[in-house]
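Colleague: Could we go through this model together, feature by feature, with the general idea placed before each case?

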Amino acid sequence: LPHDLLTEGAVELLVRRAVAAGVNPAYAVRCASLNVALHYRLPRRGAVAAGYIADICIVPDLAEFAPSQVYKEGRLVAEDGAVLPGLIPTADPAAAAPVLDTVRLGNLTRDSFRLAAPGGAVRCIVALPNSIVTAQTTVEPKLAGGAVVADPARDLLKLACTERHGRNGNVGLGLVRGFGMQAGALATSVGHDHHNLMVVGANDTDMFAAATRLAELGGGFVAVKDGRFLAELALPLGGLMTDCSLAATRDALNALDEAARELGCQLPSPYMALSFLGLAVVPELRLTDMGLVDVPLGRVVPFAAD
């Protein structure tokens with residue numbers, strides 16, 4: 001995450017930890033560079049040697065491992081923690097065109113989020129803190145007008161997986177427990193591995209608003225309450241990537257997490273958790289645009305528990 005990259009770093013963090021644990025600094029650097037290049041068969045990378053690509057960090061202190069200069073292919077590109085002026089590329093609209101406008105929701109309406117009551121108990125996904133694994137339970141749903149509605153008092157929220165590639169317009173619906181939200185909706189176009197829209201909410205109106213806002217943004221993350229957008233981050237490149245700076249992305253993600261807390265969300269990293277609720281290869285119960293998937297059973301299962 002941008003927070004981690006800016007505050008701790010990436011591979012260099014692992015080098016610092018290894019050195020702090022007593023590993024020889026030269027060996028720690030080798031593990032983070034040459035060994036990796038050899039393992040993945042990346043030619044001319046991972047070492048400072050004749051014929052190798054000159055990707056080099058100048059590090060004054062092997063314990064802190066904070067580069068004072070960074071060279072890319074022999075060219076100085078960063079110094080004292082900042083990219084040199086003029087080196088950040090400008091986005092090319094023509095080159096980006098094939099991965100823009102990828103959130104295509106067709107005839108999605110508020111009624112698309114109506115979840116018909118099957119009668120009796122229903123299956124419910126249980127999101128777990130700091131885990132991509134879920135649990136599942138059965139609950140007696142709250143009903144209104146013949147439909148299942150969210151019941152925040154019992155930590156039961158509506159969950160939707162909306163097909164967003166313009167293929168079939170499917171909307172899979174279910175219930176989820178574990179977010180703790182008391183109002184509003186959260187939505188993301190990051191939904192491993194299909195990357196459809198994943199929406200969780202306390203009411204259909206805000207869920208619909210969140211989904212349509214993501215279509216306007218070309219993908220991303222959004223938090224909504226009573227039709228008002230509390231925070232958002234556009235991911236216009238395939239609905240998965242942003243062209244914002246690292247710092248701006250971090251600030252937007254912080255605002256999104258704060259908005260989720262404002263809605264009463266108690267789950268750590270709620271957007272990360274939401275993005276994995278559609279990954280139908282990890283136990284236990286998941287939601288795709290085709291409906292609920294019981295991963296251990298390897299099949300789509302009905303909303304009704306029996």
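**Reading a buried residue, a helix face and a hairpin**

Modeller: Thr188 counts as buried, because its relative accessibility is 0% and buried means under 20%. Please keep in mind throughout that this is a predicted model.

Colleague: In which strand is Thr188 found, and with which residues is Thr188 in contact beyond its neighbours within four places in sequence?

Modeller: Thr188 belongs to strand β12, which spans residues 185–188. Once the neighbours within four places are set aside, its contacts are Asn196, Leu197, Met198, Leu214, Gly220, Phe221, Leu274 and Ser275.

Colleague: How should I read the buried residues of helix α2?

Modeller: An α-helix has 3.6 residues a turn, so residues three or four places apart point the same way. In α2, residues 11–20, the buried residues include Leu13, Val15 and Val19. These lie on the same side of α2, because the arc they cover around the axis is only 160 degrees. The buried residues of α2 pack against α3 (25–32), and after α2 comes Gly22, with a positive phi near 105 degrees.

Colleague: Do strands β6 and β7 run parallel or antiparallel, and how many bridges join them?

Modeller: Strands β6 (residues 122–127) and β7 (residues 134–139) run antiparallel and are joined by six bridges, with Val126 standing opposite Ala135 in β7. Six residues lie between the strands of this hairpin, where Asn130 adopts a positive phi near 55 degrees.

Key. Residues numbered from 1 in each chain as written. Predicted model: local features only at pLDDT ≥ 70, side-chain atom pairs only at ≥ 80, totals over all residues. Heavy atoms only, no water. Helix = DSSP H or I, 4+ residues; strand = E, 2+ residues; numbered from the N terminus. Buried < 20%, exposed > 50% of the residue type's maximum accessible area, 1.4 Å probe, protein only. Contact = heavy atoms within 4.5 Å. Pairing = 2+ DSSP bridges. Arc of directions from axis to C-beta.
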